[in-house]
Structure formats: C-alpha cells, structure tokens
Amino acid sequence: MASSSDFVQYIVDQCAKAGDITVKKMFGDYGIYCNGKIFGLICDDCFYLKPTETVRPLLRIVDMRPPYEGARDYFYIGDVDDRDYISLIVYETCKALPEPKPKRNRKDKKGL
C-alpha cells in the first residue's frame with residue numbers, strides 16, 4: 001500500500017521548522033529531505049527517521065522498525081501531531097547525518 005498524498009503533505013508540514021523540506025517518490029513510497037539531505041522515509045502512511053545516537057534520547061518512544069521488507073531498522077515515529085517535536089528531531093537528525101556526496105557529472109561517469 002502506498003502513502004496518501006495527504007499524509008505525505010502533512011509530514012512535510014510538520015517538519016517545516018527544521019529547514020527546506022522536500023520529498024521524492026521512491027519505490028512506490030517517499031524519501032524525505034531537509035536542505036537536500038535525506039533523513040527519513042514515508043512508507044504506507046508511516047513516518048520513519050534515520051537512526052542516530054544523538055536523537056535517540058530525544059525520542060518519546062524508541063521504536064525501531066524496518067520501513068519496508070528487507071530494510072534496515074529506522075526510528076518509527078508514531079506521534080506525528082506535535083510540530084515542534086517533529087521539527088526538533090528532524091533538525092537534530094540532519095545535524096548528525098553526514099553531508100550528501102556531490103553528484104558527479106554524467107560525462108565523468110562515461111569514463112568508468
């Protein structure tokens with residue numbers, strides 16, 4: 001079951017205080033980004049946050065689940081209605097994650 005566009009937009013709105021939030025459709029569900037850095041997934045109308053040790057103590061409930069079959073465990077965030085809380089854990093997650101690798105030019109890939 002894919003996520004509804006209403007739920008995806010709701011999560012984007014809830015995270016808005018953390019930075020520039022965008023989503024990209026991936027494998028039938030969504031990757032969610034803050035300032036260009038992927039920090040979580042939205043799958044089957046559920047919100048999952050990449051696990052980081054700095055965010056673990058901020059979570060109200062630590063619930064680790066795979067967002068889809070065969071995936072690594074992510075923090076499952078069941079309480080998505082507190083905008084300040086969601087924005088805080090998203091912001092702190094993004095601070096803890098490494099910067100994305102720069103994309104290589106297509107011309108550079110042809111030489112491989």
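Start by selecting Thr54, which is partly exposed with a relative accessible area of 49%. Keep in mind as you go that this is a predicted model. Thr54 sits in the loop that runs between strand S4 (46-49) and strand S5 (64-65).

Next stop, helix H1. Select residues 5-15 and show side chains; Phe7, Val8, Ile11, Val12, Gln14 and Cys15 are the buried ones here. Turn the view until you look down the axis of H1: the buried residues fall within an arc of 165 degrees, so they line one face of the helix. An α-helix has 3.6 residues a turn, so residues three or four places apart point the same way. What do the buried residues of H1 pack against? Bring up strand S1 (21-26), S2, S3, S4 and helix H2 (83-96), which are their packing partners.

Time for the pocket. Select Met26, Phe27, Asp29, Tyr30, Tyr33, Ile38, Leu41, Cys43, Lys50, Tyr68 and Tyr74, and you have the lining of the largest pocket. Two elements give two or more residues to this lining, namely strand S2 (29-34) and strand S3 (37-43). The space inside the largest pocket comes to about 200 Å³. Color the lining by residue class and you get nine nonpolar, no polar and two charged.

In the one between S2 and S3, pick Asn35. Asn35 has a positive phi of about 50 degrees, although it is not a glycine. Is Asn35 buried or exposed? With 55% relative accessibility, Asn35 counts as exposed. Move on to the loop between S3 and S4 and select Asp44. Phi is positive for this non-glycine residue too, with Asp44 near 50 degrees. At 33% relative accessibility, Asp44 counts as partly exposed.

To finish, select residues 13-76, which UniProt lists in an unreviewed entry as "domain: TfoX N-terminal". Color by secondary structure: this stretch is 5% helix and 44% strand. Its end C-alpha atoms lie 18 Å apart.

Terms used
Residues are numbered from 1 along each chain as its sequence is written. This is a predicted model: local features need pLDDT of at least 70, side-chain atom pairs count only at pLDDT 80 or more; totals for chains, interfaces and linings use all residues. Side-chain values use heavy atoms; hydrogens and water are left out. UniProt positions are given in the numbering used here, feature names are shortened, and annotations may be inferred rather than shown by experiment. Helices (H or I, at least four residues) and strands (E, at least two) are DSSP runs, numbered from the N terminus. Buried means under 20% relative accessible area, exposed over 50%, partly exposed in between (1.4 Å probe, protein chains only). On a 1 Å grid over the protein atoms alone, a cavity is a set of points where a 1.4 Å probe fits but cannot get out, and a pocket is an open set with protein on both sides within 12 Å along at least five of seven lines; lining residues have an atom within 4 Å of a point. Grid points are joined across faces, edges and corners, and a volume is the space filled by probe spheres set on the points. Ala, Val, Leu, Ile, Met, Phe, Trp, Tyr, Cys and Pro count as nonpolar, Asp, Glu, Lys and Arg as charged, and the others, Gly among them, as polar. The arc is that of the directions from the helix axis to the C-beta atoms. Contact means heavy atoms within 4.5 Å.
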